[in-house]
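Let us walk through this structure one feature at a time. Keep the model open as you read.

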Amino acid sequence: MSQSETNCLCGAVKITAEEVNPKFTVCHCQSCRSWGGAPFFAVQCGTKVKIHGEDHVKQYESSAWASRGFCKECGTHLFFKFKQSGEYNMPVGLFPNLAGLEMDMQYFSDARPSYYCFKNETKEMTTAEIMAHFTSAL
Ligand SMILES: [Zn+2]
Ligand SMILES: [Zn+2]
C-alpha cells in the first residue's frame, strides 16, 4: 500500500489516495468497455480518498451498487465507487509512478472479446463466479 496523488487532465480535480494497492484488476465487462472504450485497469484505493474540486466531479450511477465519476470539464475518468462500502477503484493510468504495479486479476473473463488478449498471467473470475461471490457477501 502506498499513498499517491493525482489529478485529472485539466487539473480541476485533485485526488489524494492514502492506500493504493499496486496489484491492479482488469475488468472486461461491457459497461467498463463502453465507459472507457477498452477494459478498465483499476487499482483498489479503499475509502481513504480525498477529492479536491468535487464541484467539478460528475457521478453517474451505472448500477444499483456502484457509481462512476469523471471530471465535468475534461472528461477524465476518476473512479468507480461502491455505494455500500464507499470503496474506490481508480484507473491505473492516474498513478503511473506507483511502485510495484502488477496485473493481478481479470474480472468477467468470459466477457473478454476475442480481438485482444494479455500475456500477463493473472487470476481470473467469470461472470458466474463474480455473481456468486457478491451474492454470498450480501
Ligand atoms: Zn478535469
Ligand atoms: Zn467492468
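A donor here is an N, O or S atom within 2.8 Å of the metal (3.2 Å for Na, K and Ca); water is not among the atoms, so sites may look incomplete. This is a predicted model, in which local features need pLDDT of at least 70 and side-chain atom pairs pLDDT 80 or more, while totals for chains, interfaces and linings use all residues. Residues are numbered from 1 along each chain as its sequence is written, chains are lettered from A and ligands numbered from 1 in the order in which they are written, and side-chain values use heavy atoms, without hydrogens or water.

Start at the zinc ion (ligand 1). Its donors follow the spacing C-x1-C-x60-C-x2-C along the chain. They are the SG atoms of Cys8, Cys10, Cys71 and Cys74, at 2.3 to 2.4 Å. The four donor atoms subtend angles of 104 to 113° at this zinc ion (ligand 1), so the arrangement is tetrahedral (for four donors, all angles between 85 and 135 degrees). The ideal angle for four tetrahedral donors is 109.5 degrees. Burial is read from relative accessible area: buried is under 20%, exposed over 50%, partly exposed in between (1.4 Å probe, protein chains only). Cys8 is buried at 1%. Cys10 is partly exposed at 42%.

Next, the zinc ion (ligand 2). Cys27, Cys29 and Cys32 coordinate it through SG, at 2.1 to 2.3 Å. The spacing of these donor residues is C-x1-C-x2-C. Cys29 and Cys32 are both buried.

Strands are DSSP runs (E, at least two residues), numbered from the N terminus. Two strands pair if DSSP finds at least two bridges between them. Strands β3 (residues 23–27) and β4 (residues 40–46) run antiparallel and are joined by three bridges. The open sheet has eight strands, ordered β6-β7-β8-β9-β4-β3-β10-β11, with mixed pairing. β6 (57–61) and β11 (123–125) each have a single partner strand, so one side of each lacks a neighbour in the sheet.

Finish with the rings. Phe, Tyr and Trp rings (for Trp, the six-membered one) pair if their centres lie within 6.5 Å; planes under 30 degrees apart are stacked, over 60 edge-to-face, the rest tilted. The structure holds seven aromatic pairs. Phe79 and Tyr88 have ring centres 5.1 Å apart and planes at 85°, so they sit edge-to-face. Phe79 is buried at 1% relative accessibility, and Tyr88 is buried at 8%.

Note on methods:
Tetrahedral: all angles 85-135°; square planar, octahedral: opposite > 155°, others 65-115°. Helix = DSSP H or I, 4+ residues; strand = E, 2+ residues; numbered from the N terminus.
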